[in-house]
Amino acid sequence: MQTLPLERVPPAPVLVRGLAVLRTREAGVVLFILGLGLALHAWTGRFLTPTNLANVLLNSAPTAVVALGMTLVILTGGIDVSVGSTLGVTAVLLGYAATAGWHLGLLIAIGVLSGLVLGMVNGGLVARAGVMPIIATLATLSLYRALTFQLLRGKWIADIPPVLRPLGLGTVGGVPVAALLALALTLLFAYVTARRPLGRHIYAVGGNAEAARLAGIDVARVAFVVYGVTGMLVGVAALLYVGQTGFVQSNTGVGFELQVIAAVVLGGTSILGGRGSVVGSVLGAVLVGQIKNGLILMNVSGLAEGMVAGVLILLAVAVDLLRTRRGTP
């Protein structure tokens with residue numbers, strides 16, 4: 001029987017693809033999540049219980065949803081530090097509308113549309129007025145926070161009717177509805193970024209904006225769209241937030257931007273733009289939620305959460321810069 005020489009034997013595609021997947025940043029985050037989970041369970045004895053794991057997914061869902069949009073923004077080379085304040089304004093509007101007895105469908109429309117409008121303001125400042133993203137969104141961070149205080153006038157919106165509770169706290173087969181919604185949005189955004197022209201344009205703008213413009217891509221339009229989409233996703237996160245807490249106060253959303261940015265950079269998206277994935281960002285959101293949950297189980301003060309988020313961002317950015325200098329993809 002004739003046999004092929006060894007050098008002519010084609011490589012096994014499945015094996016090659018499997019090895020390539022194991023070398024990705026996303027695979028590294030998954031392994032880190034698994035290892036940290038085992039360590040937290042060994043430390044506390046409570047982390048890997050079904051109830052606690054469901055809590056991690058539930059609490060990670062709002063961060064994961066907004067991280068999808070933040071990934072698009074950072075891929076274009078921008079940043080949006082106003083998402084926490086956007087969440088605050090949207091949550092206040094939802095709180096007043098729910099207290100007035102509005103229907104669930106109308107509440108969803110209010111959340112999505114108000115977030116979209118606030119995001120489009122950011123997009124207009126960055127894409128149309130030419131303001132640097134960090135400056136534009138710092139300005140709207142303060143503006144939206146002041147608007148939240150003005151709308152609440154120092155009061156809380158308490159005893160919000162449970163109309164949003166199915167979104168915030170509902171489960172299907174033991175899995176939180178919020179986590180299933182985040183998963184569905186992740187699949188949609190993964191498809192768009194990998195398969196649709198808009199996704200290719202986002203990566204092109206982040207890789208080299210001038211080259212993208214010369215190639216015929218409307219750079220300003222891409223930037224406007226990603227900020228608007230991010231605002232819309234913040235509106236979705238506000239629906240989950242109000243459904244989970246049942247109240248809104250003046251500091252709602254404070255520090256939320258740190259969690260989202262930490263999730264995106266931990267998930268492997270380059271802060272310099274042009275490299276990363278929405279799947280990695282969602283894994284990063286789970287990691288951030290896992291760390292927050294672990295701190296609670298270890299009875300660490302909530303004040304430490306902001307410090308941990310800041311340290312994680314610095315570490316992730318340092319790793320990203322090191323990988324960029326070495327030319328590692």
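How are helix 5 and helix 11 oriented to each other? The tour of this predicted model begins there, with residues numbered from 1 along each chain as its sequence is written. Local features need pLDDT of at least 70 and side-chain atom pairs count only at pLDDT 80 or more, while totals for chains, interfaces and linings use all residues, and side-chain values use heavy atoms, with hydrogens and water left out.

**First stop: helix 5 and helix 11**

Select residues 104-128 for helix 5 and residues 219-245 for helix 11. Helices (H or I, at least four residues) and strands (E, at least two) are DSSP runs, numbered from the N terminus. The two axes come within 6 Å and cross at roughly 150°; axes are lines fitted to C-alpha atoms, for helices over the stretch in contact, and angles run from 0 to 180 degrees between N-to-C directions. Helix 5 and helix 11 are therefore roughly antiparallel, a label for angles over 145 degrees, whereas those under 35 count as roughly parallel, 65 to 115 as roughly perpendicular and the rest as oblique. The contact of helix 5 with helix 11 comprises 14 nonpolar, nine polar and two charged residues. Here Ala, Val, Leu, Ile, Met, Phe, Trp, Tyr, Cys and Pro count as nonpolar, Asp, Glu, Lys and Arg as charged, and the others, Gly among them, as polar.

**Second stop: helix 9**

Next, select residues 197-207, where Gly199, Ile202, Val205 and Gly206 are the buried residues of helix 9. Buried means under 20% relative accessible area, exposed over 50%, and partly exposed in between (1.4 Å probe, protein chains only). These four lie on the same side of helix 9, because they cover an arc of only 125° around the axis, taken from the directions from the helix axis to the C-beta atoms.

Move to Arg153, in the loop between helix 6 (133-152) and helix 7 (165-169). Although not a glycine, Arg153 has a positive phi of about 50°, and its 64% relative accessibility makes it exposed. Asp159 is also found in the loop between helix 6 and helix 7. Its phi is positive too, near 55°, and Asp159 is exposed at 73% relative accessible area.

**Last view: the whole chain**

Finally, display the protein chain, with its 14 helices and two strands. Of its 329 residues, 45% count as buried.

Terms used:
Contact means heavy atoms within 4.5 Å.
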